[in-house]
Every structure is written in C-alpha cells, then in structure tokens.
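Here is a report for a reader meeting this structure for the first time. Please look over the sequence and the model before reading on.

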Amino acid sequence: METIGIWIAALLTLGIFSFLYKDNPFYKFCESLFVGISAGYWFVTTFWQVFMPKLADNLIAGRFYYMIGAIFGVLMLLRLFPKIGWLSRWSLALVVGTTAGLYFTRYLVSNGMVQVQNTIIPLYVKGNLSQTIGNLVIVIGTFSGLIYFFFSKEHKGAFGGLAKLGIWFLMLSFGASFGYTVMSRMSLLIGRMDYLLGTWLGLIR
Amino acid sequence: MRRQLPILIVFVSGVFMVIQYFIPHESFEFIYEYAMDWIIIIGIFAMLLGLWSLTRASVSKVQAKAPGWGFSVMTLVGLATMLFLGFYKGNKSIAEGTFFMDLFWYIYTPIQATMFSLLAFYIASAAYRAFRVRTVLATILLVTALIIMLRLIPLGPISGVNQWLASWILTVPNMAAKRAIWIGVGLGATATALKIIFGIERAYMGKD
Amino acid sequence: MKKTKAVLFSILIILFFFNLSFPQENLSPLPPTEVRASDTPNDNGHSITVTWKLSGDDGADKKNVVAYEILRSDSPTGEFIVRGMVPAGNNTYQDRGAKEKEDKNYFHPHKDFYYKVRAKTLNSYSESEVAGPAQAYGEWFHLGKLPVFVGTVTFTIMVLAFISLARKGKEFYVRPLAGIDAVDDAIGRATEMGRPILYILGLGSAADIATIASFTILNRIAKKTAEHKTKIIVPCNDPIVMSVAQETVKAGYLDAGRPDMYKEENIFYLTSMQFAYVAAVNGIMLREQTATNFYLGKFYAESLILAETGSVAGSIQISGTDEIAQIPFFVAATDFTLIGEELYAASAYLGREPLLLGALKAQDLAKAIVMISLALGALAASFHLGFFLKLFTVQM
C-alpha cells in the first residue's frame, strides 16, 4: 500500500505543479478529485469529532438544552424548501447576533485598548538615545498611520502630508512582512521537492 | 415575522454577548457556553447544505454534459468514496490505518502541501510585479522586503549593519504601522458589529 | 571567679560551634502568619483567594522554606486537605474549582471554608493558624473591565448619535477611496468584455465581522452587475456563507429590479478545506475567464495564490482584508487594495447610505480620541505619570 500511495502522492504533486505552466487536464483531474475528497473528509471528520460529542452525546446524557441548537440547525436546513426557507433566517440571526456581540468587545480590547496601552511610551528616555528615537518613531508612525485612515477629511495640506507619511509607514511594514514570509514559503517548496526527489525517487536522502 | 423577528434575535443575542463580557457570574457563563455550542451545532447542520450544493452542481454538469463534465464525475467519486469509507464501520471508520485515512494521507495531504508550496513561485512573481511598478510606495515595499529577506544571509562587511537595520525595522516602524492598522480595524469592526446589532447593516439578511 | 567565667565562656563557645556543625534536621521553619481567605473578586463564584505573610524562614540560609501548601477544610477543627502548592516567595493562592455540579472538582459557592497554609522545607514543615470562614460568590460586574465598559458606552453613543444625525438629513463628507472608485470601472470592463465577475468572500465564517462587511459590499456589487446584466460568480467555502451570499445577491438583483436574472447556481459551495477551495477557484478564474475578481473578507495564506493566478490571467483585481499578514500580498499582486479599516468603510462608500456614512464619521471621531490619548499618554509617560496608562489597562 505504501509504495502505491507514494506513487499516487507524487503524481498528484506533479499534477498540481503543472498548473504553473498552464491550466491542463492533469491539473483539472487533481483539482476535481481534491475538491470531492476534501469535502467528504471534512464532513466525515466534523461528524465524528464535533457532531457526536457536541450534540449526540449531550442529548444522550440528558442535557436537553442542546435541543435548542439542534432546532436552530434544522431551521437552517429549511433553506432547501423555498416556501419555508425564510425560517433559516432565525438561525442565521442567532449566529450573526451572537458573534457580533462577541467580536465587539474582543476587537475593542485587543485592537483598541491593548494597542493604545502599548503605544503609551515615553518620548524621552534619559541616557538612551536609540530608545528615545525608537519610541518617537513608533508614536509618529502610529499617529500618521491613523491619519491615513481618516475618511471624513480630505488628504490635503499638512494633514495630507501626515497621511502620506502614514502610507509610507504602512508600505514599510508590508515590505517587512513580505520579506519575512519569503523564507518560510521557500521551505514549503523544498519540502515538496524533498518528497519528489527523496521519498519518491530516492535520489536524495 | 419574516423580517422583524430575525432582527430582534440579532439584537437580543448581540446585546447579551456584549453584556456577558462584563459579568463574571456563573449564570451568564453557562448561557454563554450554551450559545457557543448552539452556534457550532447550527454550523454542523449547515454542512448538509454545502454537500447538497456541491452534489447538485456536479450532477447537473454531468447531466447537461457541460464542458469538463468528466471532472465533475471525479469530484462526485471522491466525495462518495470518502462518505462511504467514513461511515461504513461506524466511529471506527476514521481510525489511523483505515482506507479512509490512507486516502487522506496519499491524496489529500500531498495535494494540499503542493498547493501551499506554489506560494514559493507566486511570492517571487509578486515581487517582480511590484518591482516593475516603480512608484515610491512600491520601492519602499521592495527595499524593505529585501533588507528583511537578506538578514539571514551572510553579506560580508555589511552583514552586521543589515541585521541591525532589519531588526530595527521589524520592531520599530513596522510595529508602528501595524498598530495603526490594528486600531483602524478595531474601530471598523466594532462599528460594524454595532450596526449589525442595531439592525442598521442588514444586507446579509436578504430580502423577500 | 575569673576561672568560672572562663569555663562558662568556653562552654558557650563549644555549644555555639556544636550547634553550627550539626544540621538542624528536625527543626521546623517559622509558620506563615496573617493568613486571610476571602472570595476571589471579579470571578464566576467558584474560587477563594488565600493570602499570607511569608514565613520568617523564607529565603533564610537555613531552615529554608521551599514551598507553601494550601489546605482547606469544611470546619476549623475538621480534616484539612491539600488544595495546592506554590513555590517559596509567593504569598497568594487562588483556590479554584469547577462550576459544574457533576464535576469532581466542583467548588461549592456560598459555603463556609477554612484554610491553613503550610510552610515546607526539604524535610520539615510548620502550619499557620486556621483562617476563615470564607465563602465564594460570583460577581455581577467585572471591575477590571471598567475601561472597556466606558469605551463600549462611549463608542456606542457616538455611533448611534451620528447615525441619528444622518437620519435627520445631515450630510457627511467622505474622501474618495481609490479601491472604491475602481469598482464601477471594473464592473463596466466586465460588461464590455462580456465576461463574468468573480467575488470571493474569503475563508471567514458568516459570523466574522469582515465577512459580514463583505456581504454588504457584495449586495451593492450584485445590484450593479444586475443593472449591467453581467454574470457574477460567488464560490464559497462555508455553507452558511453560501446561504447568506445567495440571499445577499438575490436582494441586490431585487434592488436593481431584475429578480428574473438572479441565478442561484452561480453562488455555490465548493469545499471547506482551504487549499482544495483555492485549487478550484484557480480553475474557475482560468476557465470562466473572469474579467474582474473581488477578494473581500478574511484571507489567509491562499491570498497570494488567488491574486497571482488572477493577475496572470489578466483580470482586474480589487482586494481588501483586515488580516494584517495578507495585506502585503494583496498590495503587491492586485490592482487596488482596501487596507484594514477601509474594508469596513467600503460598504458605506458603495451604498452611499447616509446611515452607514454616519457610522463612518463616528469611527473618525473615535480615531481622533485615540490619537489625542496617544499624544497625552506619551507626554504623561515622558514625565513618569503612570495614571494615564491605567485608564487603558484591562484586567482579564
């Protein structure tokens, strides 16, 4: 089984790589198989690992408040019947409302309070020039970046200048993320090459 | 009933979730945990909608003999095989060593890893695209990317300077810009959440 | 007399050295003192906090205390059971238990408990006096979250106030946004070329705020495509997202007065697995030859695969995400990118609905408040005024 498996895996790997040249039947084959297999895998694993413990086991244990979730779940399925499909909005409303409330405080704290808290730093650190400069740059960068995100004021004059500085900071940061990611992406490719040349063909060990 | 009740459900559940954040008492904790579980359960039921959509689209392609219908057959075969293998032996169907897991390891995993590794090529072509743009902003992006990328590579006499510069960029201006984005996203997301809770943003509800 | 003194002194000296040379194995350390037990503040009601004053032998050369054990009992004279241990130098312990009655570790609220703290050396120990009774009870407000509460109330009032101003007819100015201005052109281009538009909502669930923002944008774009009679394809990776996207697009077609043109099969589900979804979307881009691709919502590593494929195919691409790690790739590979907050603003921009624009104004006011706070905070920190920082400090 293992040898056949490795051969199949290697051919599928080549099939996906062939997309880099152009779209072709080999890629289409891999793609359509991948969609079917992955959708099936996801359904099966979610059923056994989430549905059974979260719903079935709880109902068997007599925790009937889980029925409420099940009822909303069934309402969701009513979408398949056009006449009563509107009932699925109740389930949708529960999902959206609950998470909107949840995310409200989550974003307020982690994206608001915590960031402000981290940026409250002294602009002058006695006897430490590099930290003084660093702190100044952080405050100026955050400040000008926020100015860039102002929607109700035109980017003109001094305000526009600061907004421009802000976008420079943003681009610098994007470049940093970009450069930071390159290595990890290369290692993914090396991993695949290693599979083809090592595990499959045995050319490298 | 069709429009008002869902808006009411959104409002009540949204306000409850905001309030429960401030209330440590166990009664609120319990309701919070139930609500989170209900959401997961709703998601599981919705999976059937997904499978239905995928199957229907593939079957109708095959029936209509649309271009590439043979590939839709492949999708259906893959799906049906996984569903059959995943259920025919009850909850033992997905144990390690089953045929179900073999398909996962020898078909799913290699394709997924290869798709992911395509990024190595795309990151290079994206960099080239940015290089061709030749604006101030694209140049800032590229030069910074280069400095950060080269920090791990020995560059002789300028290695030390480059490493220092790379770590300064990462911890100072990069941090400043990220904070600005985070704060902006925080305000945008909280405002959107409020608009949802108060029923002002309701395009997602559709219309009759 | 002198001799007696000398003898006594010698004995003392000998005793002293004798004392030094023999380890005091069985001498127990000084016990912890001032033990207090009380309800843990800001919790769900299943925990008691115990504090004590360190043993006099904590940190000493000899009889060195290595740890403290915390013991609990139902009555001052009953059997005490070890509940936990902390290393030397610590003087608090949170005795915490489960809130579910069927849990073995259930912590009974509103019940008297008594505590003792035991100072332990390597081979001996001593116990404090009994403290208590103490009861655990849940609080109805978390005082450590007061700053968040103030923030919540202020921001909610601001948003609602601006929305009500907008409702009364006040008009708000918003500056042009390149990514938004490009939307009309992009749809127009697809119409001219007679090719479809691809709209990707990302990998978020229907509950992600970014996805919901994207639904609103999708609604506006669907309306425009209906007006232009251009096909819009929306492949989804979550069944609920698919359901909502169908409703949203349908509503857009209704708004445009063309419900007859709406085709549900163009908004479909593929798979929930990230890269399988990407593989399929890549195929759609090339086979359907989409003229315009929108990527708006939550994106992860797949962002660049999608954007590069679309770019090679020659599509006009407009992207936007609040996922900070993916913005750089969208910036590099797509024509226009809505960065972070701009994604949330886009729905208001596209619809030009006064109510949504009002909320945008509230966001700007909040930003101004944040910036003033940053400036004041930096000044306060420069002069070593710590109180300002406390205004933003949240206890979890």
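E264(C) and R56(B) pair through their side chains in a salt bridge, at 3.6 Å from N to O. E264(C) sits in the loop between helix 5 (239-255) and strand 11 (267-269) of chain C, while R56(B) belongs to helix 2 of chain B, so this pair joins two chains. E264(C) is partly exposed, because its relative accessible area is 31%. R56(B) also counts as partly exposed, at 37% relative accessibility. The model is predicted.

**Salt bridges**

How many salt bridges does the structure hold over all chains? There are 26. As a general point, side chains of opposite charge can pair when their charged atoms come close.

| Pair | N to O distance |
|---|---|
| E264(C) and R56(B) | 3.6 Å |
| K99(C) and E33(B) | 2.7 Å |
| D95(C) and R72(C) | 3.3 Å |

Take the bridge between K99(C) and E33(B), at 2.7 Å. K99(C) lies in the loop between strand 5 (92-96) and strand 6 (113-120) of chain C, and E33(B) lies in helix 2 of chain B, so this pair joins two chains. Is K99(C) buried or exposed? K99(C) counts as buried, because its relative accessibility is 9%. E33(B) has 30% relative accessibility, so E33(B) counts as partly exposed.

The next bridge is formed by D95(C) and R72(C), whose closest N and O atoms are 3.3 Å apart. D95(C) lies in strand 5 of chain C and R72(C) in strand 3 (residues 67-73) of chain C, so the bridge ties together parts that are 23 residues apart in sequence. D95(C) is at 0% relative accessibility and counts as buried. R72(C) is buried too, with a relative accessible area of 14%. Buried here means under 20% relative accessible area. Shared partners also link salt bridges into one network, which joins E69(C), K116(C), R118(C), K120(C) and E127(C).

**Helix 2 of chain B and what follows**

Helix 2 of chain B covers residues 26-64. The helix has 39 residues. From its first C-alpha to its last, helix 2 reaches 57 Å, close to the 57 Å expected at 1.5 Å a residue.

What follows helix 2 of chain B? K65(B) does, and its phi is positive, near 50°. K65(B) is not a glycine. Most residues other than glycine have a negative phi. K65(B) is found in the loop between helix 2 and helix 3 (69-87) of chain B. K65(B) is exposed, because its relative accessible area is 53%.

Q289(C) is a residue other than glycine, and its phi is positive, near 50°. The loop between helix 6 (274-288) and strand 12 (292-298) of chain C holds Q289(C). Q289(C) has 47% relative accessibility, so Q289(C) counts as partly exposed.

**Domains and distances**

Chain B is assigned domain 1 (9-61), domain 2 (67-117) and domain 3 (126-197). Over C-alpha atoms, the centres of domain 1 and domain 3 of chain B are separated by 36 Å.

Chain C is assigned domain 1 (26-134) and domain 2 (171-352). The centres of these domains of chain C are separated by 59 Å, taken over C-alpha atoms. One residue pair in chain C can be traced as well. V35(C) and M261(C) are 76 Å apart in space, C-alpha to C-alpha, and 226 residues apart in sequence. V35(C) is placed in strand 1 (residues 33-39) of chain C. V35(C) is buried, because its relative accessible area is 11%.

E341(C) lies in helix 9 (residues 341-351) of chain C. E341(C) counts as buried, at 0% relative accessibility. The side chains of E341(C) and K367(C) make a polar contact, at 3.1 Å.

Which residues make the nonpolar surface patch of about 630 Å²? They are I372(C), L376(C), L379(C), F383(C), L385(C) and F387(C). Helix 10 (residues 354-382) of chain C gives the largest share of the patch, with three residues. L379(C) is placed in helix 10 of chain C. L379(C) is at 44% relative accessibility, so L379(C) counts as partly exposed.

Methods: Residues are numbered from 1 along each chain as its sequence is written. Chains are lettered from A and ligands numbered from 1 in the order in which they are written. This is a predicted model: local features need pLDDT of at least 70, side-chain atom pairs count only at pLDDT 80 or more; totals for chains, interfaces and linings use all residues. Side-chain values use heavy atoms; hydrogens and water are left out. Patches are made of residues with over 30% relative accessible area and no salt bridge: like charges are joined within 9 Å, nonpolar side chains (Val, Leu, Ile, Met, Phe, Trp, Tyr) within 5 Å. Accessible areas come from the Shrake-Rupley method with a 1.4 Å probe; for residues, only the protein chains shown count as cover. A salt bridge is a side-chain nitrogen of Lys or Arg within 4 Å of a carboxyl oxygen of Asp or Glu. Helices (H or I, at least four residues) and strands (E, at least two) are DSSP runs, numbered from the N terminus. Buried means under 20% relative accessible area, exposed over 50%, partly exposed in between (1.4 Å probe, protein chains only). The expected span of a helix is 1.5 Å times one less than its number of residues. Domain bounds come from an automatic or database domain assignment. A polar contact is a pair of N or O atoms within 3.5 Å; within protein, one must be able to donate a hydrogen and the other to accept it, and residues adjacent in sequence count only if both atoms are side-chain atoms.
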